[in-house]
Amino acid sequence: MPDIRVRVNGQSLLVPVGSLVSAAIVRAGYAWTRRSVSGEPRGPLCGMGICFECRATVNGVPHVRTCQRLCEPEMKIETDE
C-alpha cells in the first residue's frame, strides 16, 4: 500500500493511505491532541467520534475529530501539545 506525506505540528512524515489523523498524530510521537479548559491533556478515547476528546486543527479547521478523518496528501495537522 502506498504512503502519503502529512505534517503534524510542522513535522513531515509518511503514513499509509487510509490512515486516520489520530494515527498520524501518534505516529509522529504525540500522546494527546489538545488540552481541556482546565489544562488536562486529552486524546483519542472512544475511537468512534462520540467523545470529541481527539479534536485537533486540520488544514486550518479547528475541532476536527481526528478519529473520524482520513489523512490526505500534504494535510496539515496541529495539536495543542
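**View 1. Overall fold of the predicted protein chain.** This is a predicted model, in which local features need pLDDT of at least 70, side-chain atom pairs count only at pLDDT 80 or more, and totals for chains, interfaces and linings use all residues. Residues are numbered from 1 along each chain as its sequence is written, and side-chain values use heavy atoms, with hydrogens and water left out. The protein chain has one helix and seven strands, in the order β-β-α-β-β-β-β-β from the N terminus. Helices (H or I, at least four residues) and strands (E, at least two) are DSSP runs, numbered from the N terminus. Along the principal axes, the C-alpha atoms fill a box of roughly 40 × 25 × 20 Å. Of the 81 residues, 33% are buried; buried means under 20% relative accessible area, exposed over 50%, and partly exposed in between (1.4 Å probe, protein chains only).

**View 2. The largest nonpolar core.** A nonpolar core is a set of buried Ala, Val, Leu, Ile, Met, Phe, Trp, Tyr and Cys residues joined through side-chain atoms within 4.5 Å. The largest one holds 15 residues, of which V6, V8, V15, V21, A24, C71 and I77 touch the most other members. Two or more residues come from each of strand 1 (3-8), strand 2 (11-16), helix 1 (21-27) and strand 5 (55-58). Leaving aside residues up to four places away in sequence, I77 touches V6, R7, V8, N9, V21, A24, I25 and T57, where a contact means heavy atoms within 4.5 Å.

View 3. Strand 5 and strand 6 (residues 61-65) run antiparallel and are joined by three bridges; two strands pair if DSSP finds at least two bridges between them. R55 stands opposite R65 in strand 6.

View 4. Most residues other than glycine have a negative phi. N9 lies in the loop between strand 1 and strand 2 and counts as partly exposed because its relative accessibility is 26%. F52, in the loop between strand 4 (41-42) and strand 5, has a positive phi near 65°. At 39% relative accessibility, F52 also counts as partly exposed.
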